[in-house]
Amino acid sequence: MTIAEVSKKYDISPDTLRYYERIGLIPPVPRNKSGIRNYDEESCGWIELMKCMRSAGVQIEALIEYVSLFYQGDETLDARKEILIEQRNQLIEKRDQIQQSIARLDQKIEKYEKGLMKAEKRLEQLRKEKEEKKTG
């Protein structure tokens, strides 16, 4: 696939794809005889992984280290696994913080809704009293 096709498929700009390759976030992409990038299935797999990890907030440095270790071979399996575990734990912590924030916001929203309901009831009561004065 060309860089334009990959860019469209994964919704990543060609500049970002080139940048990811340049900094080692994805391994070097195979090229055709003319030197044009020819993304294969493996390259696309790396792009999918990096897009997923980046959208989850995983730091670029950790991902670059992961790719570097990958190319060093099977002797780095434990180190790669440790990077993934560490990043997973950080994501779980972020998720928990987000859940706490959501719960806090839900409490605040509920207070507003209760307050608005009281205010609406009071307005309805005042309207009724006003009508009664007019008719009474």
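Modeller: On helix α1, the residues A4, K8 and K9 are exposed and sit on the face turned away from the buried side. Exposed stands for a relative accessible area over 50%, buried for under 20%, and partly exposed for values in between, using a 1.4 Å probe and protein chains only. Helices here are DSSP runs (H or I, at least four residues; strands are E, at least two), numbered from the N terminus. The model is predicted, so local features need pLDDT of at least 70 and side-chain atom pairs 80 or more, while totals for chains, interfaces and linings use all residues. Residues count from 1 along each chain as its sequence is written, and side-chain values use heavy atoms, leaving out hydrogens and water.

Helix α1 covers residues 3-10, and its buried residues are I3, V6, S7 and Y10. These lie on the same side of α1 because they cover an arc of only 100° around the axis, the arc being that of the directions from the helix axis to the C-beta atoms. An α-helix has 3.6 residues a turn, so residues three or four places apart point the same way. The buried residues of α1 pack against α2 (14-23) and α3 (41-55), where contact means heavy atoms within 4.5 Å. After α1 comes D11, with a positive phi near 55°.

Next, the helices that follow. α4 spans residues 60-72, and F70 in α4 pairs with W46 in α3, 24 residues away. Rings of Phe, Tyr and Trp (its six-membered ring) pair if their centres lie within 6.5 Å; planes under 30 degrees apart are stacked, over 60 edge-to-face, and the rest tilted. For W46 and F70 the centres are 5.0 Å apart and the planes at 75°, so this pair is edge-to-face. W46 is buried, at 8% relative accessible area, whereas F70 is partly exposed at 31%. Together with Y66 and Y71, these two form one aromatic cluster.

The buried residues of α4 are I60, A62, L63, Y66, V67 and L69; they pack against α2, α3 and α5 (77-135). Just after α4, G73 has a positive phi of about 105°.
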